[in-house]
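We'll go from stop to stop, picking residues as we go.

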Amino acid sequence: MTGLLLSGGHRVKVIEASRKEISRLQHDLPIDVLVPGSGTDPDVLEFAGVHNADVVAAVTGEDENNLVAISLARYEFHVPRTIARINDPKNAWMFTPDMGVDVALNQADLMGHMIAEEMSLGDMVTLIKLRKGQFSLVEEKVDSRAVASGKAVRQLNLPVRCVLVAVIRKGELNMPHDDFVLQPDDEVLAVVHATM
C-alpha cells in the first residue's frame with residue numbers, strides 16, 4: 001500500500017513500533033518514510049508531521065491502537081480525513097464519526113460483502129464503492145439472452161437510482177445516450193445506489 005501511495009506522488013510517513021518490522025520495511029521503503037514509535041503517542045505523530053497531513057490511516061493489527069491513533073489525529077491535530085482498520089468485527093460499533101473515524105475498513109465485512117455480491121449478482125462486478133459505500137460503480141457484460149440485448153437505453157426499465165455511464169464495445173468507449181442500442185458482449189458501466 002505504501003509503495004502505491006509513494007508511486008502516486010503522495011508524501012507518506014509510516015509509523016512503526018516494532019524494531020523487527022522497521023528492519024524489514026527498510027528494504028522496501030525510503031528511510032525518510034519510516035518513523036519509529038507508536039501512532040498512539042502524540043509526540044511521535046507530531047514528529048511524523050501530522051500537522052501537515054491530509055489523511056491519517058491507522059492500520060495496525062490492534063483495534064485499540066487504531067482507534068486511539070485516529071482519535072488523536074482528528075481531535076488533537078485536526079486532520080481532515082481519517083481511515084481506520086477494524087480487525088475484530090465485534091469492535092465495529094466503536095469506529096464511528098463520533099470517535100473521529102471517517103472511513104472504517106472492516107476486513108471481515110468487506111470480504112463478506114464481496115462474496116455475497118459475487119454470488120447474488122451473477123456476472124455483475126463491483127469495481128469501486130463511492131461516498132462511503134452509498135454508491136457503487138458496477139460492470140456487467142450483456143448476454144445475448146438478456147432482456148437488454150438489442151434494446152435502446154430509453155427502452156430499458158432502469159431503476160431511478162441507476163445511471164449508465166459508459167459502454168465498452170469491441171475495445172471502444174461509447175457514451176450510452178437514449179438511442180444507444182445494447183448488443184451482446186457490450187460491457188456496461190453503471191453507477192448504482194446501495195439501496196437498489
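Select K170 first: at 80% relative accessibility it counts as exposed, a label that needs over 50% relative accessible area, while buried means under 20% and partly exposed is anything in between (1.4 Å probe, protein chains only). K170 sits in the loop between strand 8 and strand 9; strands here are DSSP runs of E, at least two residues long, helices are runs of H or I, at least four long, and both are numbered from the N terminus. Check the backbone while you are there: phi of K170 is near 50°, a positive value in a residue other than glycine. Most residues other than glycine have a negative phi.

Now jump to D185, in the loop between strand 9 and strand 10. Its phi is also positive, near 75°, and D185 counts as exposed, at 53% relative accessibility.

A word on what you are looking at. This is a predicted model, in which local features need pLDDT of at least 70 and side-chain atom pairs count only at pLDDT 80 or more, while totals for chains, interfaces and linings use all residues. Residues are numbered from 1 along each chain as its sequence is written, and side-chain values use heavy atoms, with hydrogens and water left out.

Colour by pLDDT, the predictor's confidence in each residue from 0 to 100. The chain averages 83, and 86% of its residues reach 70 or more. Then select 114–122, where the pLDDT is below 50; this stretch has five contacts in the model beyond near neighbours in sequence. Contact here means heavy atoms within 4.5 Å.

Of the 196 residues, 30% count as buried. Among contacts between residues at least 6 apart in sequence, 49% join residues at least 24 apart.

**Into the core**

Next, select V50, V56, I70, V79, F95 and V101. These have the most contacts inside the largest nonpolar core, which has 15 residues. Strand 3 (55–58), helix 4 (63–76) and strand 4 (81–86) each supply at least two of its residues, and helix 4 gives the largest share, five residues. A nonpolar core is a set of buried Ala, Val, Leu, Ile, Met, Phe, Trp, Tyr and Cys residues joined through side-chain atoms within 4.5 Å.

Centre on I70. Which residues is I70 in contact with, leaving aside neighbours within four places in sequence? You'll see V56, A58, T82, I83, A84, M99, G100 and V101. Then hop over to C162, L164, F180 and V188, which are among the twelve residues of a second, separate core.

Back in helix 4, pick N66. Buried or exposed? N66 is buried, with a relative accessible area of 0%. Its side chain has a polar contact of 2.6 Å with that of T60; the term covers a pair of N or O atoms within 3.5 Å, where within protein one must be able to donate a hydrogen and the other to accept it, and residues adjacent in sequence count only if both atoms are side-chain atoms. Beyond four places in sequence, N66 touches A58, V59, T60, R85, N87 and F95.

**Charged pairs**

The model has six salt bridges, each a side-chain nitrogen of Lys or Arg within 4 Å of a carboxyl oxygen of Asp or Glu. Select R154 and D179, whose closest N and O atoms are 2.2 Å apart. R154 lies in the loop between strand 7 (135–141) and strand 8 (162–169), and D179 in the loop between strand 9 (172–174) and strand 10 (187–193), so this pair ties together parts 25 residues apart in sequence. R154 counts as exposed, at 53% relative accessibility.

Salt bridges with shared partners also join E21, R24 and D28 into one network. E21 meets R24 at 2.4 Å, N to O; the two are three residues apart in helix 2 (residues 19–25), which means about one helical turn separates them. R24 also bridges to D28, at 4.0 Å.

Last stop: N52, in the loop between helix 3 (42–48) and strand 3. Draw a distance from its C-alpha to that of F77, 25 residues away along the chain, and you get 9.3 Å.
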